Amino acid sequence: MKTGKLVRTNRLFSHPSGRLCSIAVDHFIGYAAGLPNGLRSIEQTIDEIVAGRPDAITMHRGIAASIWAKHAGRVPLIVQSSLIRPDDTACQQIATPEDAIRLGADAVAIVAYVRGQTEAKYLRTVADCVREAARFEIPVICHIYPRDTATHTISFTPKDVAWAVRCAVEVGVDVIKAPYCGDVCAHAQIVSDCPMPLVAAGGPRAKTLEAALEMMAEVVKSGARGATIGRNVWGFDQISAAVTAFKAVIHDGKSAAEALITAGL
């Protein structure tokens with residue numbers, strides 16, 4: 001890894017724990033029938049996320065260009081490049097690594113879905129992004145998800161998650177975000193087999209914040225390098241407190257119950 005990329009990657013993983021607690025607000029393409037409140041009131045949501053001081057925040061280029069200026073330099077920025085749905089009804093790239101650099105980002109994110117007939121197409125797109133990102137020394141974070149090809153939904157089986165992670169490794173990304181498979185021992189093996197930082201996706205919206213934090217405690221126990229959380233932060237009313245609670249689990253190794261107390265919840 002060359003110096004420019006190393007500097008940017010180290011900013012993301014700068015906490016003494018060596019893990020990443022980042023927040024994502026890049027989900028709008030999945031809500032064709034109306035946005036939830038946390039995404040609809042996006043400026044307020046970002047203000048509240050930043051107040052919780054996560055290690056990074058991921059958003060699309062338009063939100064970064066229109067809202068991010070007042071927070072610039074306070075939290076590392078990751079620019080999401082993809083507009084993609086698991087059923088392939090959307091499959092486009094709307095930003096490049098150069099766009100991310102111009103916006104002041106420390107990384108560019110790209111989404112890929114594996115399993116199914118379009119698997120190789122997604123991986124080729126990721127590989128193209130990796131090649132272009134190398135010109136600008138900006139790390140590529142691949143949000144990679146295996147699909148149940150019968151239902152066009154995300155698969156959480158250990159076998160499928162392991163395959164997705166290996167696909168991302170093979171195309172040369174710098175950081176991988178993949179679903180937590182739901183089994184600590186199985187996920188620990190996936191982490192062990194991955195030669196670059198592997199972080200967990202925050203998962204589907206949990207019924208309670210405590211349930212989401214309990215899952216995150218398992219992620220930490222598996223040895224993963226942290227997580228990127230979306231709806232399990234901005235989907236709850238007390239967004240800043242939710243960020244604080246996730247940081248307590250990811251960085252301090254606290255239990256879900258302890259994290260809630262730390263966050264004043």
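Select Ile250 to begin, in helix α11 (residues 239-252). Helices here are DSSP runs of H or I with at least four residues, strands are runs of E with at least two, and both are numbered from the N terminus. The model is predicted: local features need pLDDT of at least 70, side-chain atom pairs count only at pLDDT 80 or more, and totals for chains, interfaces and linings use all residues. Residues are numbered from 1 along each chain as its sequence is written, and side-chain values use heavy atoms, with hydrogens and water left out.

Ile250 has 0% relative accessibility and so counts as buried. Buried means under 20% relative accessible area, exposed means over 50%, and partly exposed lies in between, with a 1.4 Å probe and protein chains only. Show what surrounds Ile250: not counting residues up to four places away in sequence, this residue touches Ser17, Arg19, Leu20, Cys21, Met216, Val220, Gly226, Ala227 and Ile229. Touching, or contact, means heavy atoms within 4.5 Å. For a sense of distance, select Ala120 as well; Ile250 and Ala120 are 130 residues apart in sequence and 33 Å apart in space, C-alpha to C-alpha.

Next, move to Lys254, in the loop between α11 and α12 (256-262). Lys254 is partly exposed, because its relative accessibility is 28%. Its contacts, leaving out residues up to four places away in sequence, are Ala248, Val249, Ala259 and Thr262. Glu214 is 40 residues from Lys254 in sequence, and the two C-alpha atoms are 9.9 Å apart.

Now select Thr228 in strand β11 (residues 226-229). With a relative accessibility of 7%, Thr228 is buried. Its side chain forms a polar contact of 2.6 Å with the side chain of Ser22. A polar contact is a pair of N or O atoms within 3.5 Å; within protein, one must be able to donate a hydrogen and the other to accept it, and residues adjacent in sequence count only if both atoms are side-chain atoms. Beyond its neighbours within four places in sequence, Thr228 is in contact with residues including Leu20, Ile23, Lys177 and Val199.

Gln80 is the next stop, in strand β3 (residues 77-80). Gln80 has a relative accessible area of 1%, so this residue is buried. Display the side chains of Gln80 and Asp26 to find a polar contact of 2.7 Å. Apart from neighbours within four places in sequence, the contacts of Gln80 include Thr58, His60, Ala109 and His143.

Two loop residues come next. Arg115 lies between β6 (107-114) and α6 (119-136). Its phi is near 80°, a positive value in a residue other than glycine. Arg115 is partly exposed, at a relative accessible area of 24%. His152 is in the loop between β7 (140-148) and β8 (153-154). Phi of His152 is near 60°, again a positive value in a residue other than glycine. His152 counts as partly exposed, at 42% relative accessibility.

Finally, zoom out to the whole chain. The protein chain has twelve helices and eleven strands. Its C-alpha trace spans about 45 × 40 × 40 Å along the principal axes. Of its 265 residues, 53% count as buried. Residues 24 or more positions apart account for 67% of the contacts with a separation of 6 or more.
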